[in-house]
Amino acid sequence: MNRFASAALALTVLAATAGCMSAPSNLDLSLTRPTVDNKFVVTLQPPAKPAAINQLHSWQVRLASPSGTPIAHARIKVDGGMPQHGHGLPTRPQATQELADGTYVIEGMKFSMTGWWEIKLAIDSPEGVDKVTFNTVVAEAAAGR
Amino acid sequence: MRRIMNSVWLLGSIMAMSAALVVTLAHAAPSSGDSNAQGWSKEERAVLASLSLKRLPPVPVDPSNAVERLPAAIELGRRLFADARFSANGAVSCASCHDPRKQFQDGLPVGRGVGTGSRRAMPIVGAGYSSWLFWDGRKDSLWAQALGPLEDAVEHGGTRTRYAHLLASNYRKEYESLFGAMPRLENLPRDAGPQGDVAEKAAWAVMDTGQREAVSRVFANMGKAIAAYEKSLRHEASLLDRYVDAVAAGSTADRGVLQPGEVRGLRLFIGKGQCVTCHNGPLFTDQQFHNTGVPPRDLARTDRGRADATTQVRGDEFNCLGPFSDAQPTQCQELRFMVDDDPTLVGAFKTPGLRGVAQRAPYMHAGQLATLEQLVRHYIAAPHAAVGHSELTHRHAGGAAVPKHDERAPIELTDAEVTDLMSLLGALGPEPVSAIAAQSDPRPEQGRASLPMGSTECNDVACRANKHLGYIELPQSDGGTTTVFYPTHAAEAPVQKGPFKFSWAHDADPMRGNGRLVVISHGSGGSPWVHVDLARVLIGRGFTVAIPQHAGDNYQDLAEPGPTSWARRPVEVSQAIDRVSSHGKLGPLLRLDAVGVFGGSAGGHTALTLAGGRWSPSRFRDHCLQNIEQDFSSCVGFTTLQQGDGLDAIKAWAAKLVIRLRFSDATPHGHIDPRIGAAIAMVPFAADFDPESLRQPQVPLGLVIADKDVNQVPRFHVEAIAAACELRCEVLQRLAEGGHGTMLSPMPPLQPGSVADRLLGDLPSFDRAATIPRLHADVAEFFVQHLRPAR
């Protein structure tokens, strides 16, 4: 869980320095969230080093029951976009691997600009169907060189 | 023994040194820290910084094109790009619609090749950053894109076998050096291809599978060469870049480059105009597809744009996963994760970059909007889309429709704001080149072709017929002569200078070039003549070139080489800038707030000093006492060599004795001229610099290393600088087989076996004819990038 915590912290710090395109100041940027119907607790792990704008990269997702039991054999669909701009993700990311402990690899992530992005996950597992939306603010620092 | 004593740099010079030194120690004044002069908030400054060309990362590697970075592929592609034989009627080349004089586009609403197309020709510079090519992204690489028009019936209109035959007869050697043996084509039809007319398709169908694949491979390779060339093209910095760099640096120096209206436009661009929403980053594009309700050119034939292109790119035999790709399937991530079923793709087209936009009317994917004003007003009008749905919102019909929370706000600008925004768009291109200069450059330059948008290069016969080498001698107060080369329209005449035959236009009227000056500092005992080839390349890029004569260390007067001259040389560069500046005809055409300096050997020492380096005679002494056996010529000069005999030890001993006596001054020497904007040191003498002083040079510093340099052994000199430098340094080229004489072109005649020949002569393994033009092109490119040719 440490890995996730530190990654979450990193993104929060990043978000605090961003906000150029005036994302709402009260955005919930937490990387661990319950799903809409509280069937799962989902933790999103961004890459250790923020990816450059328009560069493909991978994230990880960890699924657990509300009591903390890892959820295996889930199907995850990824969607999202920029709510303030009315467009979706520039790519169609996919959950391509299931690792141990209810952790899944999401490949094909890409952000085409800085600002507020939503990452929406639809989860379909033997334990039920539910969905969750994360907010992330891509900062210029991530735009890299 | 006496000869050795005399040969050490210093004799006769040291005494004069303390008196002759005209050294101004570094005094670069930091700016006053006024970081917010025009009221940009921290967030706004971050957005502004993100637009700078300096933020542009290196162009991504395309794993599907294995040759894209090979100079031979770039050169082949450059030639193919302009070769009109590759078309049905022998009159259409890539350059027909992608005209290097017009930012690689044609200024027409839709392309005109052998017929008339249905979309607008797109500019090419920066296209290597796109994952998806064409307005609709129906190709996934630059090379696959290049093949499209070649087979398109209304563009080049040719066929695969025709192109293979043409390559075999005209470019066989070049092709085979890159791609291996050309397949046998003797029995193949002249015109056959899968995209051709009925007869051409039929001819293609009767070829066997192996033949079809072999021809398609030749065709694909042709695209890879063209892509290599296209990918070598670079954007020029704009006035906006200078402005945003100044804002980012908290400097007030360049704030004035934008007019107040342009600054207001910039505020709108990143603010309520919302332009930066899609036109973001250094290329002013998010590289994505958007429907903004641009009216179709032909209402009867609506264009679904991206929505139809995803199927095409997946099925394209030339895509990343196809048989002609050099990529592993796992490297084809863009195709794998492509969005293909999103309703917002209907009627969506790629966001074009905006660099140079004001000079690129008409606008949109089919040239629907004729003027910049119509372009800006389109986003305010935000019409409903004829096909699909526009992302833009508008309070249509004056209704009270307030945008929903998750929609974009309408773009509402006053007439004055439209004007301001248009002004800003005008500042996104490089400086306007005079019409005459633009007309004189019909074709791209050779080698690493980096073209200023709106202007082009001059390196072939047709071009040189218009842009000539001007020559003038400016007298120096010390009796020497500063030689100046510059672009001119006047005709050149043959000239003999010593052993060299040149041609130039003596005292001719200068034409307006790019407004920038490069000063070349010659080597010890040097002349301007051995730098004429470089000067000509620089003139081809629009520069003016001044070569001061360094007192006491030139071909006519070698009385005071070594540290005495090293101390004077940078000052002499400053004086040369003054001299050119005050010249009645040259001065008014130049902006001398960013001057380049190039030097080789002792000239490299000059360049390093002007880049902020500080050196001292005692460091020279220490280096020689420690390393003279390994770096003999650096310490002793040109008069004698180590011969591997019993005298070597005596020579070294004698030289050390003199050096120890003569070079004890530990004062750091430097000279900063704030007009210097970039420096290149080639095979420099550099062992006497304090490495710390060049850890962060004052200006961008290019280094050229010649691995076989026995005169200034690289590890003590240029490599030490490269190792010490952490910021703003770039090794422009490392010449594996090059020696010290690579800084000279033309090469003076050297008596075989002489000391000069041993120290300067080319090794048999050094390919001068192939290497030097590329080096000169890189030198010119470095100065173009860093001096930001002025308005």
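Predicted model: local features only at pLDDT ≥ 70, side-chain atom pairs only at ≥ 80, totals over all residues.
Strand β10 of chain B spans residues 676-682. Seven of its seven residues are buried, so the strand is largely enclosed by the rest of the structure. Strands β9 and β11 of chain B both pair with β10(B). Strand β9, residues 595-600, runs parallel to β10(B) and is joined to it by six bridges. One of the pairings links B:V595 to B:I676. Strand β11, residues 701-706, is also parallel to β10(B), with four bridges between them. Here B:I680 has B:G702 as its bridge partner.

Helix α15 of chain B covers residues 372-381. Its buried residues are B:L372, B:L375, B:V376, B:H378 and B:Y379. They span an arc of only 145° around the axis, so they lie on the same side of α15(B). This spacing fits a general rule. An α-helix has 3.6 residues a turn, so residues three or four places apart point the same way. Helix α16 of chain B, residues 415-426, is included in what covers the buried residues of α15(B). After α15(B) comes B:A382, which has a positive phi near 45°.

Most residues other than glycine have a negative phi, and most peptide bonds are trans. B:Q103 has a positive phi near 55°. This residue lies in the loop between α5 (94-97) and α6 (142-151) of chain B. B:Q103 counts as buried because it has 26 C-beta neighbours inside 10 Å, where 20 or more are required. B:Q287 also has a positive phi, of about 65°. Its loop runs between α12 (260-270) and β1 (289-290) of chain B. B:Q287 is buried, with 23 other C-beta atoms within 10 Å.

Two cis peptide bonds are described next. One joins B:A361 and B:P362, with omega about -5°. B:P362 sits in the loop between β2 (349-350) and α15 of chain B. Another runs from B:S745 to B:P746, with omega near 5°. B:P746 belongs to the loop between β12 (729-735) and α26 (755-760) of chain B.

The contact between the chains takes 24 residues from chain B and 25 residues from chain A. On the chain B side, α3 (42-50) and α14 (333-336) each supply at least two residues. Helix α3(B) gives the most, with four residues. By class, this side of chain B has six nonpolar, nine polar and nine charged residues.

Terms used. Residues numbered from 1 in each chain as written. Chains lettered and ligands numbered in written order. Buried ≥ 20, exposed ≤ 12 C-beta atoms within 10 Å, placed from the backbone. Pairing = 2+ DSSP bridges. Arc of directions from axis to C-beta. Contact = placed C-beta atoms within 7 Å. Nonpolar A, V, L, I, M, F, W, Y, C, P; charged D, E, K, R; others polar.
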